[in-house]
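I opened the notebook for a new structure today.

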Amino acid sequence: MAYLTDRIAVFENKPQRYGTQFDWDQNGELSPNRFDDLEKVNKRRKSIGLNSIEEQTELIRQQAKNNNEEPPNDFEERKQEIETWKRTVGWIT
């Protein structure tokens, strides 16, 4: 339920409650999409059996490295593509 809640929040340009959704950031690293308060997020994560967001970030980054995943060549273009997709499918207007 945490993943679905966060996915919808990200699609609606709202902060995540659990920090489950990650994407490439402007520094070329996988990072959690925007979330509300770090302490609250970690408390929520712990209450449902998830590790801390800091631990999950390290795992996600290591997994990407192991899978030879690379950041997009143009960060701004990627952001624009995502926003265009959200509008096209009706997540935002």
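**Pocket.** I looked up which element gives the largest share of the lining of the largest pocket: H4 does, with 6 residues. I take helices (H or I, at least four residues) and strands (E, at least two) as DSSP runs, numbered from the N terminus.

The volume of the largest pocket is about 510 Å³, meaning the space filled by probe spheres set on the points, which are joined across faces, edges and corners. I find 20 lining residues, with Val10, Asp23, Asn33, Ile82 and Lys86 nearest the centre. Two or more of the lining residues come from each of helix H1 (2-11), strand E1 (22-24), strand E2 (30-32) and helix H4 (75-89). By class I note 7 nonpolar, 4 polar and 9 charged residues in this lining. My classes: Ala, Val, Leu, Ile, Met, Phe, Trp, Tyr, Cys and Pro are nonpolar, Asp, Glu, Lys and Arg are charged, and the others, Gly among them, are polar.

**Ground rules.** I am working with a predicted model, where local features need pLDDT of at least 70 and side-chain atom pairs count only at pLDDT 80 or more, while totals for chains, interfaces and linings use all residues. Residues are numbered from 1 along each chain as its sequence is written, and side-chain values use heavy atoms, with hydrogens and water left out.

**Overall.** I list 4 helices and 2 strands, running α-β-β-α-α-α from the N terminus. The C-alpha atoms fill a box of roughly 35 × 35 × 20 Å along the principal axes. Of the 93 residues, 30% are buried; buried is under 20% relative accessible area, exposed over 50%, partly exposed in between (1.4 Å probe, protein chains only).

**Salt bridges.** How many salt bridges does the whole structure have? My search finds 6, each a side-chain nitrogen of Lys or Arg within 4 Å of a carboxyl oxygen of Asp or Glu.

- Arginine 61 pairs with glutamate 29, closest N and O atoms 3.7 Å apart. This pair links distant parts of the chain, helix H3 and the loop between E1 and E2, 32 residues apart.
- Glutamate 76 and lysine 79 meet at 3.6 Å, N to O. They are separated by about one helical turn because they sit 3 residues apart in helix H4.
- Glutamate 83 pairs with lysine 86 at 3.1 Å between the closest N and O atoms. Lysine 86 has a relative accessible area of 4%, so I log this residue as buried.

**Positive phi.** I know that most residues other than glycine have a negative phi. Asparagine 13, in the loop between H1 and E1, has a positive phi of about 60°. Asparagine 68, in the loop between helix H3 (53-66) and H4, has phi near 55°. At 64% relative accessibility, asparagine 68 counts as exposed, whereas asparagine 13 is partly exposed at 36%.

**One distance.** Glutamate 81 and asparagine 66 are 15 residues apart along the chain, and I get 26 Å between their C-alpha atoms.

Technical notes
1 Å grid on protein atoms, 1.4 Å probe; cavity = no way out; pocket = protein on both sides within 12 Å on 5 of 7 lines; lining within 4 Å.
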